[in-house]
Amino acid sequence: MTITKSIAKVRSIIKKQKLKNKIIGFVPTMGALHQGHLSLIKKARKDAGFLVVSIFVNPLQFGPKEDYRIYPRNFKKDRALLEKERVDLIFYPYPKNMYTAGFSTYVEETSLSKSLCGKSRPGHFRGVATVVTKLFNIVQPDIAYFGRKDYQQAQVIKRLTQDLNIPAQIRILPIIRQKSGLALSSRNAYLSQKEEKKALVLYQSLRLARNLVKQGQRKPHFIKTKIAKLINSRKNLKIDYIELVDPKTLKPVKKIDKKTLLALAIFVGKIRLIDNTII
Ligand code: AMP
């Protein structure tokens, strides 16, 4: 396994692998790896002749009041996990090399990134789209893997590769959860035991919605109100959004008469967590 911070080195390694006709698989991450990340990496390992994982906490996708500085970082542990998964190359750049002095070019998806997390985190998807485009230009993957946990992010990336003719296939894989139902997330590391229990309300909300729809409920407003009641009945929780949207356009639906995405974002204390399901 090669580990490098150098963009030039990644380019030269990838060039050689492409000459050998190897399929380049790529899993971009921000590190603090867990089984959610590893599910993507295991799938990529099966598909790819050469597997690249990037670890980069991207400053551009964090708002000024968000958790960039304190975001969990644990390279030693990540390296050991990636070694075990037989990853070929870890790209672990410095922010100053990704964003050199005078950096002034951004990639912005202008439709899918406007709703849901885009509303409450202005600039977030611009940061994501820009870094993913840069990473794709550096790694030149044939296939790149993303988790459905970040549903909107995956759709934005799919869109941008189509719109900008980036020759990478995008594979989107299922959400990995704890036994309790809590979706794995690097941010769960911030939660106290008590908060982790409180965070289960996310999964309970998804189940509540699914049951209501099973019983014939078709009104988004009714379902959103029920979920809001459930969340507001508990202490220390704050709703960021509860939305029922079309899974392709991410625009709110008026009626649940076909596949619909339920997406949630809540604060447990100061920690913002997201979850989603297709109903
Ligand atoms: P992050 O390190 O949070 O940027 O995540 C890197 C990739 O792992 C993204 O494509 C995420 O959607 C994916 N991911 C994170 N958590 C999970 C999870 N619980 N299940 C599946 N994929 C996940």
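1. Basis. The structure is a predicted model, in which local features need pLDDT of at least 70, side-chain atom pairs count only at pLDDT 80 or more, and totals for chains, interfaces and linings use all residues. Residues are numbered from 1 along each chain as its sequence is written, and side-chain values use heavy atoms, with hydrogens and water left out.

2. Domains. The protein chain splits into domain 1 (2–173) and domain 2 (186–278); such bounds come from an automatic or database domain assignment. Between the C-alpha centres of the two domains the distance is 27 Å. Domain 1 brings 22 residues to the contact and domain 2 brings 18 residues, where contact means heavy atoms within 4.5 Å.

3. Buried area. The size of an interface is often given as the accessible area lost when the parts come together. Here about 1,700 Å² is buried between domain 1 and domain 2, with carbon and sulfur atoms giving 55%. Buried area is the accessible area (1.4 Å probe) that two parts lose on being put together, summed over both. L116, K149 and Y151 account for 34% of what domain 1 buries against domain 2, more than any other three residues.

4. Links across the interface. The rule finds one salt bridge between the domains, a salt bridge being a side-chain nitrogen of Lys or Arg within 4 Å of a carboxyl oxygen of Asp or Glu. R187 and D67 form a salt bridge through their side chains (2.8 Å, N to O).

5. The side of domain 1 that touches domain 2. Helices α5 (117–120) and α7 (151–163) each supply at least two residues to this side. The largest share comes from α7, with three residues. Helices (H or I, at least four residues) and strands (E, at least two) are DSSP runs, numbered from the N terminus.

6. Ligand site. Which residues come nearest to the ligand? Of the 17 residues around the ligand, they are M30, H37, D150, I176 and L184; a residue counts as near if one of its heavy atoms lies within 4 Å. A polar backbone atom of M30 is 2.9 Å from an oxygen atom of the ligand. For H37, an N or O atom in the side chain is 2.8 Å from a ligand oxygen, and for D150 a polar side-chain atom is 2.7 Å from one.

7. Salt bridges overall. The whole structure holds 12 salt bridges. One of them joins D142 and K18, with the closest N and O atoms 3.9 Å apart. This pair links distant parts of the chain, 124 residues apart: D142 is in the loop between α6 (124–139) and β5 (143–147), and K18 is in helix α1 (residues 7–19).

Note on methods. A polar contact is a pair of N or O atoms within 3.5 Å; within protein, one must be able to donate a hydrogen and the other to accept it, and residues adjacent in sequence count only if both atoms are side-chain atoms.
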